[in-house]
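Subject: Structure for your review

Dear colleague,

Please find the structure below, followed by an account of what was found in it.

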Amino acid sequence: MSTSLLYHAFRICNVKYRSTRYIGNTFIFKAEMSNAAKTCSFCHGSRVIFKGKKTRFMHLPPLGRKRSVLELVMHRLLCKDCGFLFWPKLQFMDGNRRYTRSFALTVLDLLQFATIKAVADYLHVGWDMIKKNHKIKLSRLYNKQNFSSLTHLGIDEFSTQNGHKYMTIFVGLHTGRILHATEGRSYEAVSPFLKKLARRAENLQAVAVDMSRSYVKAIEEHLPHVDIVFDHYHISALANKAIDELRKELQADLDYQGKRYLKGSRFLLLYNYSNLTENNNVIFKRH
């Protein structure tokens, strides 16, 4: 192992390789921050000296089937020009996280064809670390979405816990892509994203929703120029309910013979014409 190999294998730069040790199923590569990183992050001056140190451990991509860890000796820096005292952020570090950028990229590559749990098990790390890495990537991708081409939007909710908790999703109907998701299905839950669309989705023409009063109220308030379209399922459900209630009212007013005649017609009345069989048509015309 050498400083050059650390760079080419893991893209680790501005360090000096010190040693390698093996513990169980893990490679531990020890390195120390080099003088190449001695630049003031405030005034960008080069008259910087070491002023204290600490050791950090960071996950690296695996080598073969073994875990890899970087044991890095970090130096705190003091700028002689401006007096700024700071811990440097090296290029391969991903903020203050316990893994390097190369590890984060490996996680994202694996998540393209494996679940979060499977990736965590393969890399021998916690599920929460993989989940946070994935969320960071998603927030960077979708935080600044371009809604200029969005013309038709769909809003729907689904149950997350035995029908007691809900999430609302916003879908671009032409692409099928989920644009946003939020907990709850109330007016307060959906309003923030609709406000954003009011500013950024200038070509939005229509929103397809169920007949939720909270959705309709939020759309009418924040997107008054947009058409509201109720989906076919809920329209059909209301029509079927009205037909069924009318059948019940008629049946209640009929005599015994009339009730026998109308009995068994419920589902026949709710069929689509295209789904009626020849026998159904005979019965339907008789009624």
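Val15 stands opposite Met33 in strand 2. The strands concerned, strand 1 (residues 15-23) and strand 2 (residues 26-33), run antiparallel and are joined by 8 bridges; strands are DSSP runs of E of at least two residues, helices runs of H or I of at least four, both numbered from the N terminus, and two strands pair if DSSP finds at least two bridges between them. Their hairpin has 2 residues between the strands, and Gly24 takes a positive phi near 60 degrees there.

This is a predicted model, in which local features need pLDDT of at least 70 and side-chain atom pairs count only at pLDDT 80 or more, while totals for chains, interfaces and linings use all residues. Residues are numbered from 1 along each chain as its sequence is written, and side-chain values use heavy atoms, without hydrogens and water.

The largest pocket has a volume of about 330 Å³. (A pocket is an open set of points on a 1 Å grid over the protein atoms alone where a 1.4 Å probe fits, with protein on both sides within 12 Å along at least five of seven lines; lining residues have an atom within 4 Å of a point. Points are joined across faces, edges and corners, and the volume is the space filled by probe spheres set on them.) Of its 14 lining residues, Leu138, Tyr142, Gln145, Leu179 and His180 are the closest to the centre. Helix 4 (127-142), strand 8 (177-183) and helix 5 (187-200) each supply at least two lining residues.

The second largest pocket holds about 200 Å³. Leu179 is also among the residues nearest its centre, with Asn146, Ser149, Leu150 and Thr175.

Yours sincerely
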